[in-house]
Every structure is written in C-alpha cells, then in structure tokens.
Amino acid sequence: MDVSYVRLPIPADGLRLVPLFSEPRVAVVPATHRLAGKESVLEADLSGERRVQHTDPPGFRSVEEKLEHVAMHGGVAILPLSTAVFYSRDDLVRVPIGDIAPNEVALAWAEHRHTPLIAEFTQIVTAIAQQV
C-alpha cells in the first residue's frame with residue numbers, strides 16, 4: 001500500500017500526513033433514547049451515558065457490532081457523520097454534538113517514500129477535497 005486515508009489522531013512517527021477535510025461527530029443512540037428527538041446535544045448532555053467504544057471489553061471488531069450493541073443494550077456511540085450515515089439503521093438515530101471537535105481526515109504514507117504516483121494522487125485528492 002502506498003497511501004492510506006486515515007482519521008486523526010494517529011501516531012505520526014515516520015509518516016507524512018496531508019490534511020484533507022474535517023467532519024462533525026454525532027451521537028448515535030437508540031430511536032427510543034431520551035436524546036433521540038433533539039436537534040443537537042452538548043457533550044455535557046452525554047455525561048452519565050455509557051459510551052460504546054472500540055476499546056470496550058466486548059472488543060467490537062466493526063462499526064456494525066458497535067451499533068448492534070447500542071441498539072440492543074443502549075448507550076451512545078460517537079461517530080463521524082459520514083460513518084453514521086453509511087451505517088444508518090431504523091432503530092438508531094444520530095444527533096449532532098455541538099461542542100465536540102470535528103473528526104479530521106488525512107492522507108498518510110511512509111515519509112521515506114517519494115514517488116510520482118504518490119505526489120499525483122495527493123494532488124488529485126487534495127483538489128477534490130477542496131471542492132467539497
């Protein structure tokens with residue numbers, strides 16, 4: 001693999017990173033959750049809620065597993081908007097979080113790699129990201 005899309009932050013030692021865009025994060029909750037009808041929430045509104053994360057003891061291996069857990073057992077998953085939209089379900093809703101930092105997306109590659117293909121790919125992707 002020459003280049004990868006990554007969500008920051010990541011350990012950057014030995015990598016070249018080119019920021020592309022940022023996107024808001026949303027709270028994904030069961031459709032019956034007390035916050036489900038809100039236009040947006042603040043991080044303080046989520047205090048006391050069990051946050052379902054990839055580091056939880058159940059060891060979620062995918063977004064689908066994480067969202068299934070939220071649907072079945074409650075709690076809240078905080079996801080980038082595009083991920084929440086891609087994995088939309090009828091039994092879950094997404095609520096914008098007004099005061100949490102957006103998720104940053106970048107291109108990454110080994111800093112010792114210098115090829116015309118990497119440079120051209122980076123130029124194309126950066127130009128597209130600026131148009132969006």
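**Exercise 1. Determine which residue forms a salt bridge with Asp2, and where the two partners lie.**

Solution. The partner of Asp2 is Arg113, and the closest N and O atoms of the pair are 2.8 Å apart, a salt bridge being a side-chain nitrogen of Lys or Arg within 4 Å of a carboxyl oxygen of Asp or Glu. The pair links distant parts of the chain, since Asp2 belongs to the segment before β1 and Arg113 to the loop between β6 and α3, 111 residues apart; helices (H or I, at least four residues) and strands (E, at least two) are DSSP runs, numbered from the N terminus. Asp2 is partly exposed at a relative accessible area of 39%, and Arg113 is partly exposed at 30%, where buried means under 20%, exposed over 50% and partly exposed in between (1.4 Å probe, protein chains only).

This is a predicted model, in which local features need pLDDT of at least 70 and side-chain atom pairs count only at pLDDT 80 or more, while totals for chains, interfaces and linings use all residues. Residues are numbered from 1 along each chain as its sequence is written, and side-chain values use heavy atoms, with hydrogens and water left out.

**Exercise 2. Find the aromatic pairs and state their geometry.**

Solution. A search of the whole structure gives two pairs, where rings of Phe, Tyr and Trp (its six-membered ring) pair if their centres lie within 6.5 Å, and planes under 30 degrees apart count as stacked, over 60 as edge-to-face and the rest as tilted. Tyr5 and Phe121 are edge-to-face, at 6.4 Å centre to centre and 70° between the planes. Tyr5 lies in strand β1 and Phe121 in helix α3, so this pair ties together parts that are 116 residues apart in sequence. The ring centres of Phe86 and Tyr87 are 4.9 Å apart with their planes at 80°, so this pair is edge-to-face; Phe86 is exposed at 65%, while Tyr87 is partly exposed at 24%.
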